[in-house]
Amino acid sequence: MALLTDLLNLDLSGSTDKIIAEYIWIGGSGMDLRSKARTLPGPVSDPSKLPKWNYDGSSTGQAPGEDSEVILYPQAIFKDPFRRGNNILVMCDCYTPAGEPIPTNKRNAAAKIFSNPAVAAEEPWYGIEQEYTLLQKDINWPLGWPVGGFPGPQGPYYCSIGAEKSFGRDIVDSHYKACLFAGINISGINGEVMPGQWEFQVGPSVGISAGDQVWVARYILERITEIAGVVVTFDPKPIPGDWNGAGAHTNYSTESMRKDGGFEVIVAAVEKLKLRHKEHIAAYGEGNERRLTGKHETADIHTFSWGVANRGASIRVGRETEQNGKGYFEDRRPASNMDPYVVTAMIADTTLLWKP
């Protein structure tokens, strides 16, 4: 008799041309990823060739029961690291049957900003550092921490090795390889300052693809932790007290910033970000006030600051960028639970389109 693992790993390519497409979307809370699968007659590489689909929006907090149909528009395709073969993951956004984006569809508004000729001409690059915390199932306590107790103080855990300092590496490495398999431009991983906390980086990615890739990387991580029996949280301050929070530092550059003389362009962009600090903070994730305290490598949420090589500032400009006179900057304000569509589009809007 076949084992369950044998059937899960069954290679369909020798017996059928059909493939499985896993349609992924964002639910009503803005952080709850949902997905369901359908069979297609053969391989597909262009999202415009995929059929639209629908789901019950009343079950995800996105539509009333008496008019519950929400339409999924396929937007980006990735290889499926779980089913493998020609099977795919499909990132979708959500619309009413009349073709209007529903209120929780943040991708549509972001796509309009990135398709603006003034933004497209600058080819905005993003590198997003997604921090997250692994929790023991059922007790919501970080992986590797004694149940009901605390590990030793922070210091030994950042980029650490060893069974007493590093917790969950098998999950992290599985996620790293699965993202590479999927076609996500994941550029690295590392253990973070708080034990049980990790980070992966996505980018450089251009425009709307940054949001697509971060969301699918989150989806893959949730699927892997499901298999491992571990919970992943993107809460920006999962453990109160003298422990680091979790952010999603967003590195950004435009073509003008990457050219000679780009440092002056960066300074001008940072000054525009300063003028819209409150608006950005309001869009940078729920619960961020618990993280942005001015401690643990953060700036105070109420005060905008920037500096070269300053990890305690709102905006950090790299030492190399200053020396080269061009490059990129890092917005350190976004929380780990931010919506990458919202954050990337807002940075582009403020720095490229907004007129103070």
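This is a predicted model: local features need pLDDT of at least 70, side-chain atom pairs count only at pLDDT 80 or more; totals for chains, interfaces and linings use all residues.
**Reading cysteines, cores and rings**

Q: How many disulfides does a search of the whole structure find?
A: The search finds zero disulfides; Cys159, for instance, is in none, and its nearest cysteine sulfur, that of Cys179, is 18 Å away.

Q: Is Cys179 buried or exposed?
A: Burial is read from relative accessible area: under 20% is buried, over 50% exposed, and in between partly exposed (1.4 Å probe, protein chains only). Cys179 has 0% relative accessibility and so counts as buried, whereas Cys159, with 43%, is partly exposed.

Q: Which residues touch the most other members of the largest nonpolar core?
A: In soluble globular proteins, nonpolar side chains tend to be buried together. A nonpolar core is a set of buried Ala, Val, Leu, Ile, Met, Phe, Trp, Tyr and Cys residues joined through side-chain atoms within 4.5 Å. The largest core here has 60 residues, of which Met91, Tyr132, Ile184, Ile220 and Phe329 touch the most other members. Its largest share, nine residues, comes from helix H5 (residues 208-228), a helix being a DSSP run of H or I with at least four residues, and a strand one of E with at least two, both numbered from the N terminus. A second, separate core of 17 residues includes Trp53 and Cys92.

Q: How many aromatic pairs does the structure hold?
A: Rings of Phe, Tyr and Trp (its six-membered ring) pair if their centres lie within 6.5 Å, with planes under 30 degrees apart stacked, over 60 edge-to-face and the rest tilted. The structure holds twelve such pairs. One joins Tyr126 and Tyr252, whose ring centres are 5.3 Å apart and whose planes stand at 40°, so the pair is tilted. Tyr126 lies in strand S6 (residues 125-136) and Tyr252 in strand S11 (residues 248-253), so the pair ties together parts 126 residues apart in sequence. Both Tyr126 and Tyr252 are buried.

Notes:
Residues are numbered from 1 along each chain as its sequence is written. Side-chain values use heavy atoms; hydrogens and water are left out. A disulfide is a pair of cysteine sulfur atoms within 2.5 Å.
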